[in-house]
Amino acid sequence: MFAKCGSLDDARKVFDDMSERERDLASWTAIICGTIHMGKGIEAMYLFNTMRLEGKQPDSVVMAALLPACGRLEARKTGMSLQVCALKSGFLRDLFVSNALVDMYCKFGDTEEAYSVFCGMLCKDDVSWRTLIAGYSQNSQYKKSLELYLEMINVGVKPSAVVIASVLPAFGKLNLSEQGKVMHGFVLKQGFDFDVVVASALMDMYSNCGLISETGILLSLWLDWDIMIWNSAISGYAISENQDSALGAFRQLCKSRFKPNSVTLLSIIPICTKTGALKQGMEVHCHAIRNGLVTSVSVSNSLIDMYCKCGYLRLGVKLFHRVKEKDIVSYNTLISAYGFHGYGNKALLLFDEMKSLSITPTKSTFVGLLSACSHAGLVNNGWSIYRSMINDYGINPNMEHYTCMVDMLGRAGLIADACNFVRTMPDEPDCNVLGCLLAACRNHNVEGPTDLLGDEILRDKFGDSGYHVLMSNIYASGEKWKDASRARSLIKEKGLKKKPGNSWIQVGNCTHVFDARDTSHLDFCKIEQVLEMLFAEMKGCCVVDPCLSLSLNFDHFFLG
């Protein structure tokens, strides 16, 4: 009773007061399932082991509860041991245990094994299908998710609202807007649109398809339903990088009968980070403090990232030290921030602190550390970190680590070492690795490796026009005019487009974005008139130094 009512402490107290003889299978099942329900998977595993030591054999209910918990904890060995135990006990014939096993492997990211278990099931229900469909979506295998849904329809299984909510992300991620609209029609016919989860999934689908106006319409229809609807709308605006709409929805939410939760803040803070909107970010931070959401480590990590990337490293560090229960993301965020701001030694000291607390570093930790060493010119430390990652932590480097190493050597002018590192890489270098090498050659006026990189460009290794321009400039500096012209002409031949530069200004609660050569702004004519007045004043006040043979021409400054 206590466990089902959420009073786990009271349930545990009653359970602990029971003698070993009084603890039957029903009591063990109740306390283990209640513990899992409260999100305490590790404690549930401890209880399970204790139950086995007392000679009690688990039933299928305990197995079905523990297997998904192993998936959430990424405890693969424990999960596979439970699978063997279930096999020996004959529980794999139980539908609930089989569904739990599929769920566990999906959470491990091993959808092949999940599909193998699914195919071996003699009997499948709605939960079986939706678990694997959702598993494919959660592992970004959207095509397989959609294919399995169609297979389910073909075998005559009628989809439930939960199945629809599980497959809708596939339509959005694959940008199948027309098919998504057909699915929306099916939802309306079945009356599933009154399900909050389905409604939220529909909004996510339209947002991922770039149909933001549809997202706004759905928000206006369902804004009184649940906080989940608001979160989907804000997240959708974030996906489209529509800062004003996202912040507007956030302010509207604050005035409604719902209160933003941590999920809301985790959608809105990155928008402020990306656009450098410190004022709005601090507004969100104040809301988090007032509503006690800053205690969430995920929210705190996002705020730390925002302050650091907006140029306020001191505030980010101050917030970091206020977080009581830091996780690996907290340390990774600040390590990367120290590196970005050029404080390589501080990043290394923070890594030492992390190790002293027995926090295991991840691949992202070493990306941050190597980047910090690169920006600070700490080549020897960088090599030490790279070797430690492989030898001490058993982490195989990926392209991000290779890119950081080449960048570090290139910035230090060690072009020969950088080339040798690229040659000895076990994997073929991608455009980022070669791009760092190309930039280093340009910065240090080294022409040697550019011929090889030029060949890579010809073989379509680079899909970014910026690299072609850089290559052309390198050839031009060496007076290789034909090669320079060839590198430029390839941009048109490959159909590459240079992403236009942009700037923005915030006026009140509105952000005005200006792209280069863009004349679509509503107040463009007024802006042009003001610019002409300013340039006219500049011409009148300008005093040209006679020693400088510079002809000033302001005409090219005008827009359009």
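Tutor: The side chain of Thr 264 makes a polar contact with the side chain of Asn 231, at 2.4 Å. A polar contact is a pair of N or O atoms within 3.5 Å; within protein, one must be able to donate a hydrogen and the other to accept it, and residues adjacent in sequence count only if both atoms are side-chain atoms. The model is predicted: local features need pLDDT of at least 70, side-chain atom pairs count only at pLDDT 80 or more, and totals for chains, interfaces and linings use all residues. Residues are numbered from 1 along each chain as its sequence is written, and side-chain values use heavy atoms, without hydrogens or water.

Thr 264 sits in helix α16, residues 262–275. (Helices are DSSP runs of H or I, at least four residues; strands are runs of E, at least two; both are numbered from the N terminus.) Thr 264 has 1% relative accessibility, so this residue counts as buried. Buried means under 20% relative accessible area, exposed over 50%, partly exposed in between, with a 1.4 Å probe and protein chains only. Beyond four places in sequence, Thr 264 is in contact (heavy atoms within 4.5 Å) with Ile 227, Asn 231, Ile 234, Phe 250 and Leu 253.

Next, the core. A nonpolar core is a set of buried Ala, Val, Leu, Ile, Met, Phe, Trp, Tyr and Cys residues joined through side-chain atoms within 4.5 Å. The largest has 140 residues. Leu 334 is among those with the most contacts inside it. Outside four places in sequence, Leu 334 touches Cys 308, Leu 313, Val 317, Phe 320 and Leu 350.

Now the rings. Rings of Phe, Tyr and Trp (its six-membered ring) pair if their centres lie within 6.5 Å; planes under 30 degrees apart are stacked, over 60 edge-to-face, the rest tilted. This rule gives 13 aromatic pairs. Phe 351 and Phe 366 pair edge-to-face, 5.9 Å centre to centre with 70° between the planes. Phe 351 lies in helix α21 (residues 344–356) and Phe 366 in helix α22 (residues 363–376), so the pair ties together parts 15 residues apart in sequence. Phe 351 is buried at 3% relative accessibility. Phe 366 is buried at 0%.

Tyr 386 and Phe 421 are also edge-to-face, at 5.7 Å and 65°. Tyr 386 is in helix α23 (residues 379–391) and Phe 421 in helix α25 (residues 415–423), so this pair links parts 35 residues apart in sequence. Both Tyr 386 and Phe 421 are buried. Together with Trp 383 and Tyr 402, Tyr 386 and Phe 421 form one aromatic cluster.
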